[in-house]
Amino acid sequence: MATGVTYSSYLDLDRVLAAQHPASQAHDEFLFIIVHQASELWLKLCLHELEAARELVMADDLSPAFKMLARVAQAQRQLISSWDVLATMTPHDYSLIRPHLGSSSGFQSAQYRMMEFIMGGRDPGKVAMHEGTPDVAARLRAELARPSLYGEVLRLLRRRGFAIPAGVVEGELDRPHTAIPEVTMAWAEVYRDPQAHWDLYELAEKLVDLEYHFQRWRFGHLKTVERIIGFKTGTGGTAGVPYLEGVLRLGFFPELLAVRTEL
């Protein structure tokens with residue numbers, strides 16, 4: 001049994017609670033910092049679970065993967081609810097903080113980008129903004145060099161005997177996956193007879209949960225930005241709300257939505 005360990009020392013609270021360094025005298029900057037720091041911690045947990053779940057999919061050991069994917073969905077709920085807290089900031093409150101942010105932006109979150117990449121929303125051009133941190137850029141490029149979580153799911157379907165075209169996964173390592181009719185038909189076979197393919201059916205629904213919550217998080221981001229800064233340009237140089245509206249159209253598992261129409 002560990003001795004000399006306290007609640008504070010185990011959680012390294014001295015460093016965690018001393019990690020807020022407001023750059024202005026604005027009261028609400030404390031809120032702004034903590035919401036974003038907490039979000040990064042939740043993203044770290046999501047990555048931990050998604051990476052482990054992908055390894056289990058590769059090993060065709062789906063039962064423990066379901067728990068991990070369900071945990072990510074619950075963590076995403078926490079990320080979504082954080083917008084409700086941040087939305088208590090008024091336009092005037094934010095106007096006192098914004099001049100101190102420089103070009104910093106949530107758009108630059110390496111963990112958010114990694115989560116997109118792991119789920120299959122891939123764009124090599126997004127690595128460029130992280131080149132100033134070589135180890136981060138290297139990790140993102142390494143992710144683009146391997147199949148995404150959904151890519152490994154499609155490989156699993158192929159190993160299970162479904163007609164997934166050869167080269168589908170390997171040809172899309174560094175770009176978003178686009179809907180393929182044969183993949184939709186494979187999922188239709190699973191959905192039409194869930195009892196015969198129960199673990200794949202459950203896996204599909206877990207993935208749908210992930211995309212559903214991810215898009216809710218994106219929508220919450222859009223509406224919070226719209227509420228606080230209107231249609232101003234984002235601090236990171238993006239178009240702000242119009243950019244976030246475009247991001248909402250980018251999904252991860254297109255066949256899992258297409259199969260609902262097919263059924």
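## Helix α3

How far apart are the end C-alpha atoms of helix α3, and what span should its 30 residues give? In this predicted model, helix α3 covers residues 29-58. At 1.5 Å a residue, the helix should span 44 Å. Its end C-alpha atoms lie 44 Å apart, so the two values agree. Asp60 follows α3 and has a positive phi, near 55°.

## Arg54

Helix α3 includes Arg54. Arg54 has a relative accessible area of 2%, so it counts as buried, the cut-off being under 20%.

The Arg54 side chain makes a polar contact with the side chain of Glu143 at 2.7 Å. The Arg54 side chain also reaches the backbone oxygen of Pro147, at 2.9 Å. Leaving aside residues up to four places away in sequence, Arg54 touches Ile118, Arg122, Glu143, Arg146, Pro147, Ser148, Leu149 and Glu152.

## Largest cavity

The structure contains 2 cavities of 30 Å³ or more. The largest has a volume of about 100 Å³. Its lining comprises 15 residues; nearest the centre are Ser148, Gly151, Val169, Glu172 and His177.

Helix α8 (residues 149-159) gives the largest share of this lining, 3 residues. By class, the lining of the largest cavity has 8 nonpolar, 4 polar and 3 charged residues.

## Second largest cavity

The second largest cavity holds about 50 Å³ of space. Leu43, Gln76, Leu79, Tyr112, Met115, His213, Phe214 and Trp217 line it. Two or more of these residues come from each of α4 (62-86), α6 (110-119) and α10 (198-229).

The largest share, 3 residues, belongs to α10. This lining has 6 nonpolar and 2 polar residues, with no charged ones.

Terms used. Residues are numbered from 1 along each chain as its sequence is written. This is a predicted model: local features need pLDDT of at least 70, side-chain atom pairs count only at pLDDT 80 or more; totals for chains, interfaces and linings use all residues. Side-chain values use heavy atoms; hydrogens and water are left out. Helices (H or I, at least four residues) and strands (E, at least two) are DSSP runs, numbered from the N terminus. The expected span of a helix is 1.5 Å times one less than its number of residues. Buried means under 20% relative accessible area, exposed over 50%, partly exposed in between (1.4 Å probe, protein chains only). A polar contact is a pair of N or O atoms within 3.5 Å; within protein, one must be able to donate a hydrogen and the other to accept it, and residues adjacent in sequence count only if both atoms are side-chain atoms. Contact means heavy atoms within 4.5 Å. On a 1 Å grid over the protein atoms alone, a cavity is a set of points where a 1.4 Å probe fits but cannot get out, and a pocket is an open set with protein on both sides within 12 Å along at least five of seven lines; lining residues have an atom within 4 Å of a point. Grid points are joined across faces, edges and corners, and a volume is the space filled by probe spheres set on the points. Ala, Val, Leu, Ile, Met, Phe, Trp, Tyr, Cys and Pro count as nonpolar, Asp, Glu, Lys and Arg as charged, and the others, Gly among them, as polar.
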